[in-house]
Amino acid sequence: MIISSSIGGAYGVIGVIFENNILISFLCSLVIATIMVMVCFEVKKVKKIAVLTAILYFVSTMLGGIMSFLYSFMNKLLANYMRDNTYEKAYSSARICVIIGLTAIISIIFSRIITSKKDEKNVKITITIKDKEFTLMGFCDSGNLLTEPFSGKRVILVGGNSEIGRLIKNVEITKRKYIPYKDINGEGMLYGIKPNTVIINSSPKDAIVAVSNNDDFNGYDALVPSVLL
């Protein structure tokens, strides 16, 4: 996300250089937006890249509209103040920060509304370990941000008392993947394995399956990171 944002910042400079050439500016914008999406979400499928790029443009337009509204609203609030002061004084950096801050708050609220629907989604998971296949119902959770440190792969959590959980507990130590975690109860280490295959809703995924200290997943068999969908 940091790298993707840095690329967007670089485009801010390029946009100024080519601002008089609409065609070049638009092409640069399209290329940079596509690269940002590919870097941030690690996607390679053309269809998904196109959808995410369209969403990026939509969100950017929405944020621009919110900032324009706040700017116009503050114009009216500061109308009398501006009569007695210079433009620079009326629009100090502090007021611009207020506009940006309000825009960020609105963006976070909007994001929560959108992602809350995604969090409720349940998925069918088929996991193959050696010659055994497990079919589970997973609960998607945007709060599951666990990753295996060395590979960066996302982690699907299963209960330790489940059949697949007991199998993972019995794997050889040399084949285990260790995942550090930190929550409100403290921090520790979970362990899991790299399955032969992981299929979520008929789509193959590259993920680690780890045993959780908690067997309660709101009635589901596994806790799945939303980013895997």
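Q: Buried means under 20% relative accessible area, exposed over 50%, and partly exposed in between. Which of these classes applies to glutamate 163?
A: The model is predicted. Glutamate 163 has a relative accessible area of 45%.

Q: Is lysine 132 buried or partly exposed?
A: The relative accessibility of lysine 132 is 36%. Buried residues have under 20%, so lysine 132 counts as partly exposed.

Q: How far apart in sequence are the parts tied together by aspartate 206 and lysine 153?
A: Aspartate 206 and lysine 153 form a salt bridge whose closest N and O atoms are 3.6 Å apart. Aspartate 206 is in the loop between strand S7 (203-205) and strand S8 (207-212), and lysine 153 is in the loop between S2 and strand S3 (154-159), so the parts that the pair ties together are separated in sequence by 53 residues.

Q: Where does lysine 194 lie?
A: A salt bridge also links aspartate 206 to lysine 194, the closest N and O atoms being 3.2 Å apart. Because aspartate 206 lies in the loop between S7 and S8, the pair ties together parts 12 residues apart in sequence, and lysine 194 lies in the loop between strand S5 (186-193) and strand S6 (197-200).

Q: Which residues are linked in a network of salt bridges?
A: The structure holds three salt bridges. Aspartate 206 forms a salt bridge with lysine 153, and aspartate 206 forms another with lysine 194. The linked residues are Lys153, Lys194 and Asp206.

Q: Which helix gives the most to the nonpolar patch?
A: A nonpolar surface patch of about 320 Å² is made by Ile3, Val31, Ile35 and Val39. Valine 31 is in helix H2 and is partly exposed, at 48% relative accessible area. With three residues, the largest contribution comes from helix H2 (residues 22-41).

Q: With which residues is isoleucine 32 in contact, leaving aside its neighbours within four places in sequence?
A: Isoleucine 32 is in helix H2 and is buried, with a relative accessible area of 13%. Its C-alpha atom is separated by 7.2 Å from that of isoleucine 7, which is 25 residues away along the chain. Apart from neighbours within four places in sequence, the contacts of isoleucine 32 are Ile7, Gly8 and Tyr11.

Q: What is the bridge partner of isoleucine 125 in S6?
A: Strand S1 (residues 122-129) pairs with S6 in the antiparallel sense over four bridges. The covered face of S6 holds Val198 and Ile200, whereas Thr197 and Ile199 form the uncovered face. In S6, isoleucine 125 has as its bridge partner isoleucine 200.

Q: Which residue takes a positive phi in the hairpin of S6 and S7?
A: S6 and S7 run antiparallel and are joined by three bridges; isoleucine 199 has proline 204 as its bridge partner in S7. The hairpin has two residues between the strands, and the residue with a positive phi near 50° is asparagine 201.

Q: At what angle are the planes of the rings of phenylalanine 139 and tyrosine 220?
A: The structure holds two aromatic pairs. The ring centres of phenylalanine 139 and tyrosine 220 are 5.4 Å apart, and the pair is tilted because the planes stand at 40°.

Q: How many residues apart are phenylalanine 139 and tyrosine 220?
A: Phenylalanine 139 is buried at 16% relative accessibility, whereas tyrosine 220 is partly exposed at 24%. The pair of rings, tilted with planes at 40°, links distant parts of the chain: phenylalanine 139 is in strand S2, tyrosine 220 is in the loop between S8 and strand S9 (222-225), and the separation is 81 residues.

How values were computed
Residues numbered from 1 in each chain as written. Predicted model: local features only at pLDDT ≥ 70, side-chain atom pairs only at ≥ 80, totals over all residues. Heavy atoms only, no water. Patch = residues over 30% accessible without salt bridge, like charges linked within 9 Å, V, L, I, M, F, W, Y side chains within 5 Å. Areas by Shrake-Rupley, 256 points an atom, 1.4 Å probe, with all protein chains shown as cover. Salt bridge = Lys/Arg side-chain N within 4 Å of Asp/Glu carboxyl O. Buried < 20%, exposed > 50% of the residue type's maximum accessible area, 1.4 Å probe, protein only. Contact = heavy atoms within 4.5 Å. Pairing = 2+ DSSP bridges. Phe/Tyr/Trp six-rings, centres within 6.5 Å; stacked < 30°, edge-to-face > 60°.
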